[in-house]
Amino acid sequence: MAQLEAVVLILVIVANFVTLGTGRLTTCIRAVALQGFLLGLLPVVLHAGWSLHQIGLAAGTIAVKAVLLPRFLLWAIRETAIRREVEPRVGYVASLLLGAAGLAIAFAVAGRLPLPEQAAALLVPVALATVIMGLVVLTTRRKAVNQVVGYLMLENGIYLFGLTQTERVPFLVEVGVLLDIFVAVFIMGIVVFHINREFDSIDSARLAELAE
Amino acid sequence: MTVSSVATLAAVLSVAPALPGLANRTKSFLTGRRGAPVLQLYSDLAKLARKGAVYSGTTTSVFRVAPVLAVVSTLLAACLLPLDGREPVAGFTGDIVLFAALLALGRFAVVLAALDTGSSFEGMGASREVTFAAFAEPGLFLCLLVLVLATGRLSLGGMLAAPLANAWPTAAPSLVMVGISLFVLMLAETSRVPVDDPATHLELTMIHEVMVLDHSGPDLALILYGGALKLALFGSLVVGVLVPHSALDAPAGGAVLVVGLLGVAAGVGVVESVMARLRLDRVPQFLITASALAGFAAILLLG
Amino acid sequence: MAFFFAGLALILAGGFVAVLARRAPPVADHLFVVLVGLGSVVGAVPALRVLAGGGVVSVSVAVALPGGPWVFGLDPLSAFFVLVFLGVGAASAMYGVAYLGAERGHRPVALAHLLVAMLIVSLALVAAAQAAVAFLVAWEVMAIVAYLLVVFESERAEARRAGLIYLVATHTGTLALFVLFATWGVRASDLTFASLAAVAPALPYGGAAVLVLGLVGFGVKAGLVPLHFWLPGAHAASPSHVSALMSGLVIKTGIYGLLRLVSLLGAPPAWWGWAVLALGLASGVLGVLWALAQHDLKRLLAYHSVENIGIILLGLGMGALGGAYHVPVVAVLGYTGAVLHVMNHAVFKSLLFLGAGSVARATGTRQIDRLGGLSRLMPVTWLTFLVASAAIVGLPPLNGFVSEWVVFQALLRAGVAQGPLRLAVFGAAGLGLIGALALACFAKVDGVVFLGRAREAEAAAAREVGAGMLVPMIALALACVLIGVAPVLVCGPALRAGGLVAGVGGISGLAGVAETVVAVRWIAGSAVALIAALGLGLLLRAAILRRRPVAVDETWGCGYAVPNVRMQYTASSFAAPLVEAYAPLAGVHVERSATSYATHARDPVLELALLRSWGRLRTLAGRLRPIQRGRLHVYLLYVVATVIALLVYLAAAGPAR
Amino acid sequence: MTLLALILVPALAAAGAYAHREAAYRTGWLVGVAALHLALVVAVWLAPPAAVLGGWLAVDALGLVVLALVSLLFFVVALYTVGYLRREDPRGGRAFVSCLLAFLASASLVALSHHFALLWVGMESTTLAVAPLIFHRHDRRSLEAVWKYLVLSSVAIALALLGTFFLATAQSLVAGAGRPLVLEDLVAAAPRLHVAWLRGAFIFLLVGFGTKMGLVPLHTWKPDTYGEAPSLVGGLMAGALASCAFLGLARITQVVLAAGLAAFVRPLLIGFGLLSLAAAAAFMILQSDVKRLLAYSSIEHTGLLVLGLGLGGVGPYGTVLHVINSGLAKVLMFLAVGNVVLATGTSAAAGNRGILRTLPVSGALLLIGLFAVTGSPPFGPFVSEFTILRAALAEGHPWVAAGMVALLAIVFVGMAAMILEMLHGERGSAGAHAPESGWLVVGPAALAAAILTLGLYIPAPLQDALVRAAAALGGRAP
């Protein structure tokens, strides 16, 4: 099982780097969707037991993060016919380098952290790396949709970290968390849609009218 | 209040009009002229007191009250001085402030009367009067507080009597400086050269004279007498400081004072004959110098 | 205390009646006047009882607020101030009824009456509060109500600006008081004055922090230089009876605060006394110099408030120094002089402002150089104004002389003491200078405004104001004369208050104090003698002139044939020699040409220091603007940067708990 | 059951409101539910019910104070909404009332949660419930505002989730630390919790909740959002939402203080407090829009809250009292400004002059609000700010006290200069002014009365709750 787990986690990292490196918005969204799917798999992979709790969680995660939200975002960019380029503030290479640095930091930090025994060796560093790369996407991308993608990455990273605590966090709360994230991204999507209609662009840099 | 103090006061009141005359006469003598008689002011006063009065239609009762108030306040101030060298007519702890305030009251009255006429010349005179008073007043207080420091007394009656004589041996330099300073202040307060020139005929250069242009008859007599009284008052202060005579008997003390006053008047005449009148904007410096002298005297006593 | 609170309730009721019955102005006005008058009398009863030697009264209200119970009480100090506040407050409020009557149509006059009532009540409560929180509440209510009254004529930009500056200044002062009481109360069980006094000996550095904060917090309110900057504008912009209240009473709360501070703290250290003395001298001299340069009657009077606060501070400083150098006579006389001058200044300064209000009402202008000759047209106003100006100059036989005399006694007695205290005697020369300058200034005001001939048409058309305005003015003028002629009436109570502040028990046992009491009788005697001699002289003069021809003619024009009113000496010219002599000190800008002469007085503290610093602060704040340029990704970076900074802090925190 | 009802009643009512098409019905529904909620809160206050859901939902003094404040403010805002919706018809009017009620439900959840993850869920829900309310005008500026608000809040709250997981980790590393993430058990086991993880948890929760509170430099969304949102929403955010966020921060502070980490957290809280005060002061004196000014005022008060929390001693007492006082004062200000904006259509200070003459009641309320919000006696915020000041001095931070007072003075200048000019200034071109309807002034007037009362008198039950809440936050009664 350990190898499978490692493969899944490495794929998560790969999805992160794809998001950082691609120039196409749809690729970004698909990469995050893949990540969501992998996240859904992980509880099952990590804890061999097939409890209702874990299956439910896996199903919910996959439904929300791999299917509903990516589809919604794809709909939003299709409906508004925006240009599909990412248009980063910081170049792709630089983004990738930043991501790599984040990955290194994550591994370095995680190595020093006292961890619960049951946590997998790779899980925490990958979670932290995903959080960092999510923040990188959030701060270096111009387009509003892309920032939603970054937010999703950030959430995914936190979710990964949360997997170390699944048996301590009750199901109800996890459902609540998932629901909240769903609603958040849903509202963001709507706003993105409106932004595009109003501004003829989803370049969030144009959104700087309110300032001191 | 003693018989001697009242008698001395009466003597000073009657001698007062002779003082300006003596000063003028001294000046005339020193500048080689004959000049007016020493007792000229007596006859002036008598003549004015017999005359009627002409008032400007602009003036109000302020103009009529002011001359009386000027004389009355000076008179009351004179009551506070131990003229016979031992005791004043009236006095109490802290009366030096009342002394200064009474002089200020007289000045306030005369200045308002000047402004009451609506004349630009008299306004100008009033303006100069209050200006120079503002420079002279701290000097007067400095002189008085030197006396306080030297004698430890807070009343004129106390400080100018026996304690002053006792203080002379230890505080002589300070007391001399105060005497000089008081003399200078007297020149300013009584409008003498080098601050003012009572003999000038050009209104623009006058200070005191121009303020009283509109007064006539008995009012003018009061003003003139008030001026003479002020000279006597300050002269008494100077004499009291420089020639402590508390050890003498009553008539002798009074005599010392009268002689001293005549001496001061002569001194004024001497100054007038050797000094030119100062430019108006130099007068403050002159007065500040006098104040500084008194201040220095005070510092000497504090040290 | 029941009477005290009942009186305050009556005053407040008067205010509310004025608002509720505003549709029937005569009824509302009369009820307001009656209730305020009655309330002042009733409220003054306990204060009078305390000052007459009755015991100290107090009442404690248990409020569920941090800081302990609210205590209100009257000791001689409080009682003295309460008496001043109620007496002068009532006179000004009554004047206000007639004064504002003309504005009923376009301004909320009834509301102003309510605010005035609230102001008087809060003033009385400031003086009576014996617990910090209650004090601060009364203090700030007073400040806010006063602000609302200052901006009563809010359609004028000048009033709004002055109001804002006042409000900011007073609030800043209040903040200093917050710190003051918070610092003081660190070790106290609660914030009642009794508890604060109990921990006073344990304050670090002899309570230096408290004393400095007190000077700032109370100093702003009192308007001592350089914290006076709000005062001229606020006093000039207010309706005149409010100016009277502000200048006569509100700024006195700052003095009360300082006195109360000292009474709770015990004798302050010498440095504080010297500082107060120096501030007093600066305020006195600069205040009157600035006043000389003013052209607006009310601004001029406002600067004289600064001057008189200076005189009060001279007394206060001498009190502190007397305490610090263990010369109880100087301490008692210094504080007594301060307290007495508070009362006297309240009386004559409010009277001056009311007079200025009457002049402004009658002529429509406050510009001194447009007026002239009003003494014929407004004889009663003139007479009361003359009395008040002679009083403020400190001339006998009026009340101003009495209190200045006491302050002089403290200064001069320092000279006959031992040690460094003797140096303070130089303050007497300073006070002499202040008096002479004040004389110059009021000669200018009285002469240019009331004497001579009208310079402009509005002054020529003036008519005497109505009885509603004259009666309070006459009452205050009579008070000036009464205190001047019979100072014994007020000196006893003032000595009690001064003795309380000085912490000296049996004040009558002090030789110097007994001497002073005797001297005060002499002053009364001299006042009577002066009045009698003047009367006698006038009778004599009248008798002489009755048999002589008396003619009326033009003023002697020195040969100039057609003198006209424009030739009269103006206020600017009158003050010019003094103003120019002191121009560098007073921040006065002189403009002269062959045909004109004008001086422009700018307040150096406000214009040159404060507003410039404020501009700099705004520029500095403007430099921060790029922080918020509206870019979301930058904002996100802030979040990331915060996380990183905090993680660094975490890493640096080390492993220990 | 009462506890569940406090959350479920508004939640279900939100759905119910959406179902109805008639606007008048919806507003009645809103006021009714708000009143019912308030009644339930009173009932809870009088007889605190036992914890439910295994200790996840419970009442303690701190939660009760916030709950009561939220409920009271919501009731006032509901009354105001009646008048507001008669004058303005926001697009998607149906959602407006529903979102308000959803906010009430989620805020109640926050106040009652004694479980950190549940607390997080509630907090995120409040964020989301408010978003459509900000966006109701559907124009460019409100779009921009809501976008910034959403992204920043969501990112921050995500970090708070990470912090929550850290907290769980800290707890999982020791045996017998009780129920996971339940407040009481965490506090009880606090001294044994893993220090590094606990510190990490505090940091991420501080950033997360600090952003929602508006601590500088995490405050950037606040002026934009408050400036664009309808005034009543701004008031609700400044008064209720910020209080909920503060409660979140207070909860984790409770744990870390119990763990003996005071030396670690207090400098952070004091630093954020002063920084917030300073930045708020700096931006206030340059402000030209009254609603943005209020936003910075809210940031200033947030700074005071964390400052008091960080000082210890009587500071926490002052802070909890200040939550109430500043909450009431901020809503008062927003509603009074709301009336002005309704009348003139702009929140630019230059466009609103002479309010005391055109809108006397709202103007007077704004005036009272100005003095209240700046901490002048005799209003409530004075008492709490003064207590915080006393804490600074008593706990040996004279320079903090000096800085605080200096910044408060600048804040006062900034606020007074703008608002007084609005109140008194000369009207340029006066627009047509509708008379002030009773619905629009009754709420703020009640708030003004409440603020004045709290400045003069603190009722015994409240005093009791304050003392207990302060004790929980490592403080004591003054």
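Trainee: What should I know before reading any label?

Mentor: It's a predicted model, where local features need pLDDT of at least 70, side-chain atom pairs count only at pLDDT 80 or more, and totals for chains, interfaces and linings use all residues. Residues are numbered from 1 along each chain as its sequence is written, while chains are lettered from A and ligands numbered from 1 in the order in which they are written.

Trainee: What are the scores of the model, ipTM and pTM?

Mentor: ipTM is 0.93 and pTM is 0.95.

Trainee: How do you know which parts of chain A have the lowest and highest confidence?

Mentor: By pLDDT, the predictor's confidence in each residue, from 0 to 100. Chain A averages 83, with 90% of the residues at 70 or above. Helix H7 (residues 171–199) of chain A is lowest at a mean of 80, and helix H5 (residues 123–140) of chain A is highest at 91. Where pLDDT is low, the predicted coordinates should not be read in detail.

Trainee: And what does chain D average?

Mentor: Chain D averages 91, and 97% of the residues score at least 70.

Trainee: Why does the radius of gyration of chain B agree with a compact globule?

Mentor: The radius is taken over C-alpha atoms, and the globule rule is 2.2 Å times the number of residues to the power 0.38. For 303 residues that gives a value near 19 Å, and chain B has 19 Å, so the two agree. The C-alpha trace of chain B spans about 55 × 40 × 40 Å along its principal axes.

Trainee: Why is B:Ser191 called buried?

Mentor: A residue is buried if 20 or more other C-beta atoms lie within 10 Å of its own, exposed if 12 or fewer, and partly exposed in between, with C-beta atoms placed from the backbone. B:Ser191 has 22, so it counts as buried. It sits in the loop between helix H8 (162–189) and helix H9 (208–211) of chain B, and has a positive phi of about 60° despite not being a glycine. Across chain B, 66% of the 303 residues count as buried.

Trainee: Is C:His326 buried, exposed or partly exposed, and why?

Mentor: Partly exposed, because C:His326 has 13 C-beta neighbours inside 10 Å. C:His326 also has a positive phi of about 60° without being a glycine, and lies in the loop between helix H12 (297–324) and helix H13 (328–363) of chain C.

Trainee: What about C:Gly7?

Mentor: C:Gly7 has 26 other C-beta atoms within 10 Å, so it is buried. Its place is in helix H1 (residues 2–20) of chain C.

Trainee: How do you know which chains touch?

Mentor: Two residues are in contact if their C-beta atoms, placed from the backbone, lie within 7 Å. Of the four pairs of chains in contact, B and C share the most contacts. Chain A and chain B don't touch, with their nearest C-alpha atoms 56 Å apart.

Trainee: How many residues go into the contact of chains B and C?

Mentor: Chain B gives 64 residues and chain C gives 67. H6(B) gives the most to chain B's side, with 19 residues.

How values were computed:
Helices (H or I, at least four residues) and strands (E, at least two) are DSSP runs, numbered from the N terminus.
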